[in-house]
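Here is a short tour of a multi-chain model, written to be read with the structure open beside you. Take a look at the chains before reading on.

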Amino acid sequence: MEATEAAHGEHHTSLGVDNRMLLMWIFLASECLFFGSLISTYLIYKGESLVRPLPDDVFDIPLTSLSTFVLLVSSFTMVLAVYAAHHNFPKMMKLSLLSTILLGLVFLGFQVYEFRLFGSEGLNLSTNQFGASFFVLTGFHGVHVGVGVLYLGSMLIGSMRRNGLGPSGGLYMEIAGLYWHFVDIVWIVIFTVIYLIP
Amino acid sequence: MATATGTLPQVQEETTIWTWLTTVDHKKIGTMYGISGFAFFLLAGLEALIIRTQLAVPNGAVVDADRYNQLFTMHALTMIFLGIMPLGAAFFNYFLPLMIGARDVAFPRLNALSYWVFLGGALLLTSSFIFGGAPDGGWFAYAPLSDEEFSPGAGLDFYAIGLLILGTSSLMASLNFAVTVFNMRAPGMSMMRLPVFIWMMLVVNFLLILSLPVITVALVQLVFDRNFTTNFFTPAEGGDPILWQHLFWVFAHPEVYVLILPSMGIVSEVLPVFSRKPLFGYAAIVFAGVAIGVLGFAVWSHHMFTTGLGTVPQIVFTASTMAIAVPTGIKIFNWMGTLYGGSIHFNTAMYFAVSFIALFTIGGISGVMHASPPVDSQQQDTYFIVAHIHYVLFGGAIVGIFSGLYYWFPKMTGRFLDERLGKIHFWLMFIGMNITFFPMHFLGLSGMPRRIYTYDADLGWETWNMVATIGSYMLALGIIVFLVNFFWTMRKEPTATDNPWDAPTLEWATSSPPPEHDFDVIPEVRDRDPLWYDRDHGIEKVEPPSEMHIHLPPPSYFPLLIGLGVLLLGVGVLSHLALTALGVVIVIYSIWGWALEPTE
Amino acid sequence: MRPSPRAISLTVLSLAIVLITTWLIWIAWDATASDPMTTLAPLSDNADAVQGLYNFVTILAGIVMVGVLTLTLAFAVIFRERAGHEPQQIHGNSRLEVLWTLIPVAIVIAIALPSFSVIIDTTGDAPDDALEVVATGNQWWFEFEYPGLDVTTANELHLPVDRAVNVELRSEDVIHSFWVPQLSGKVDMVPGHENRLWFTPHETGMFLGQCAEFCGTSHANMRFRVFVHAPEDFDAWVASQAADAEPAQGDLALAGEKIATTLCAACHTIRGTNAVGQIGPDLTHIASRTTLASGMFENNSENMAAWLANPPGEKPGSIMPNLNLNAEQIEQLVAYLQDLK
């Protein structure tokens, strides 16, 4: 290891992966356990609700398919943003980033709409085990999307400075992309296990 | 101030409070963890003394039932989360970079943040005593007792919010240390050349990374049940109290390995140094540690053997629990093999390390006994379990920590803790500990349940309870002797050289205490015991060049600020949500500032 | 490498020290078998099976402990630093390491297999002709019902000797645990779950039990007793318990009956009267019980009066509140209740 360091962004590392990238990967491992526990709770209480409404009474699969599609598209725009960052296309990067953020907000909008729709059909936190486990699980997922929106928003604002995101911009975008894709994958799991599987 | 020039890096820095509040230096952060951890250890010890005084005689009147239930709950919470874990973190923090030949951890500001968030959570939890009562449902807080119907006060809310904050701190530290171990090793420091202490620390970090999310979910569900009308654990509405137990123990069983593995690592460092021969069976000890970590996730329901699990789950968890005894035994035999054929120098650190082997064995064996569900059906929830716990946690974890303290004291402070006082401390603690906790085996076999604030006179429990109480006072005396030793030693002049013990690992390749930048020259590692290899092969220490440009990360107040924000967040949830909002604002502002501040 | 005479004698000395210590411990350990609530005096088939396994495990544990402690002590003494002695820099010994991996595996298998067998036996179903009892945990007392026999009582479980009893375990509130060490290992009473345990007592006598899962303020005070009778005595007990309450006799008791069937009726049942409360223990035959307040006090007039005067003062957190009875009311109630045999 040199006694002098050049760009602070790129230190030599034993595994060859940047520290911050490795941090995000391991953090996501812990997030797997977090969502795993919430999904497990949902599955344990599946079929154990004492009163209605039950999933079949409230789920609107076409609607949720649409919001899922929106989130999937946002992952695609995120891929574009990361590509643009690595290959130094600042305009494309900002546009893709903005699209990702907007699509994320649309997804959140769908979530809020869905929560209110279910609420009007008599499903809330205290109604039954379905309500409790469903809202806590999807609520925390929504919080993660929200944090992701703030995260990407900060990246967008940062990219509008004179130096943009700096020489490590590609790395930063890739790390943000990891987080965003993870949140999307968790949603795919939730959509499949909670919504689609009878 | 970010550069150090010249060939004499040993500069006595002038430190102020502000230095400490804004430090990102792992050694200072480790010191803060150590001092806080020890202070809370003393507090938890005080709680234990009150408990023992109450139980010294039947129908004791030292404290009433409610206060007693708060005391035993807080004794466990404080010892585990505010005592042993921070003391482990103190050593990890101080020595991880030094032992792998790095200058700091991967994320110095995150490191500081972990400490400040810990301190906030610790103060929040402890303050519960004066704000409506400490949690009193046991550290395990079983539902439905933890529900607001049966625990209407604020205690269990302090419990949930406090542990959520503490969990966040531990998670951040674990992520930081894991990345550091993987990514910041000196040239030649392959994974299988890492000191055992570092390996154990790595396992601990993964245990935390994977288990903390589970308790987080459980605590969130508890908060929702108590405050937001859900019924996750309420039987009348379709909830299941056993779900809490599963989620809790999936976290809490790995947690007990989090508590013991650091001390196992310390002992693995100390024994070879004072036996003057290498650790016996390094690879086996490392793999056994990893195996304990992995298997540690497969045994949790042995805490639930009496809950009516059913035949098959009982059999499965018996098998996995028995299995975990094997790697544990391997480590013990390897430590004994390290002593064999050695030339053992018995200073205080070595006394503690050798007694660790004996005391932990006793605790481990009683554990294997109640790994069998039928035997457990008599021992569960009795003082037999209390005996087991304290042999592994006091005779294991605490004794190991003291061994590390006496071993590494010269490295951290330049001074040697007095050996005569050290031996008095050791004997008072060793004898006191056995007098306190061994009789608890008898009490458990005699039918005395746990967590009872008093007991009747004619059940045959008086004698051993009185003996245990006397032992606890002896223990306390030993700790006082240590404190006297500590303060007296700190007033002496530093005299320690780089490597007074002729130890093999890299932390002894720099001054005592190390300069702020740890190493003048990052060492080249040629062997698992680097300094012994260099000594035996006549390899000289590399002299630093006449001009060095070492950049160290500058101090930052954002970790402190975020810590304050998180504390406000928690306090607000327990009192006025306006404080939570303020906390969130501070956190968001500070994250922004942190991201933008220069790190050169 | 042959051990030196010095090493041999020091090892023997260490063994002696460890064995003497173990023997002293053994004396104390064994002495617990004569304590009233001991876990080492099994008097039922269930407890016998557990004890057999426990004995086996303890002997194995003792052997391992003596071995490890002896060698650790011996090594510590034999290998103390001596001038001029350079220790051999060995890194390990594969053969030894394999050996001391396989031996622990063998030991844990030896413990696990009989454990599986006892697990299967004790978690299996009770015999078809077992006596049915429903035990319900409440904060902080035990209710015992005999569904087939129309008997409901509290804090005392009466059983016939040499007949299997299947105890259904319920809870009204939080998790409790049913534990009578001499008769059975414990099983938790989990609200919302239907746990059960069964055993066949083979000695008559009185055995102490206690709740063994922390359940709140007065967990320490949630105790009960089990009486195992000869069959004819058990039948007699059942007959007297199934009967309605004794009508009050005498002015004092009559006045007491009046209070009981109005005030106490809110929470308690006294069969044969209009007191049908379901919250507190059944009082129909309260005077037949040996203790009050779930095993806390001897059942006599003095203690009963003290209880009635201030239940939370006698039992912290008691759900039964202080009803602010005056001395006269208490005297009347005691007179009435002490006649309910």
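A few words on conventions come before the details. This is a predicted model, in which local features need pLDDT of at least 70 and side-chain atom pairs count only at pLDDT 80 or more, while totals for chains, interfaces and linings use all residues. Residues are numbered from 1 along each chain as its sequence is written, and chains are lettered from A and ligands numbered from 1 in the order in which they are written.

**Chains A and B**

Helices (H or I, at least four residues) and strands (E, at least two) are DSSP runs, numbered from the N terminus. A residue is buried if 20 or more other C-beta atoms lie within 10 Å of its own, exposed if 12 or fewer, and partly exposed in between, with C-beta atoms placed from the backbone. Two residues are in contact if their C-beta atoms, also placed from the backbone, lie within 7 Å.

| Property | Chain A | Chain B |
|---|---|---|
| Secondary structure | six helices, zero strands | 17 helices, zero strands |
| Box along the principal axes | roughly 65 × 35 × 25 Å | roughly 75 × 60 × 45 Å |
| Buried residues | 34% of 198 residues | 65% of 600 residues |
| Contacts at least 6 apart in sequence that join residues at least 24 apart | 80% | 81% |

For chain B, a compact globule of 600 residues would have a radius of gyration near 25 Å, and the value of 24 Å agrees. That radius is taken over C-alpha atoms, and the globule rule is 2.2 Å times the number of residues to the power 0.38.

**Helix α3 of chain A**

Helix α3(A) covers residues 61-86; at 1.5 Å a residue its 26 residues should span 38 Å, and the end C-alpha atoms are 37 Å apart, which agrees. The expected span is 1.5 Å times one less than the number of residues. Among the buried residues of α3(A) are T64(A), L71(A), M78(A) and V82(A). Which helices do the buried residues of α3(A) pack against? They pack against α4 (90-120) and α6 (169-196) of chain A. Just after α3(A), N88(A) adopts a positive phi of about 60°.

Just after α9(B) comes G341(B), with a positive phi of about 75°.

Between the chains, 76 residues of chain B are in contact with 76 residues of chain C. On the side of chain B that touches chain C, α9(B) gives the largest share, 15 residues. By class, this side has 43 nonpolar, 25 polar and eight charged residues. Here Ala, Val, Leu, Ile, Met, Phe, Trp, Tyr, Cys and Pro count as nonpolar, Asp, Glu, Lys and Arg as charged, and the others, Gly among them, as polar.

**Domains of chain C**

The domain assignment of chain C gives domain 1 (5-79 + 94-123), domain 2 (131-242) and domain 3 (251-337), with bounds from an automatic or database domain assignment. The C-alpha centres of domains 2 and 3 of chain C lie 22 Å apart. Their contact takes 19 residues from domain 2 of chain C and 15 residues from domain 3 of chain C.
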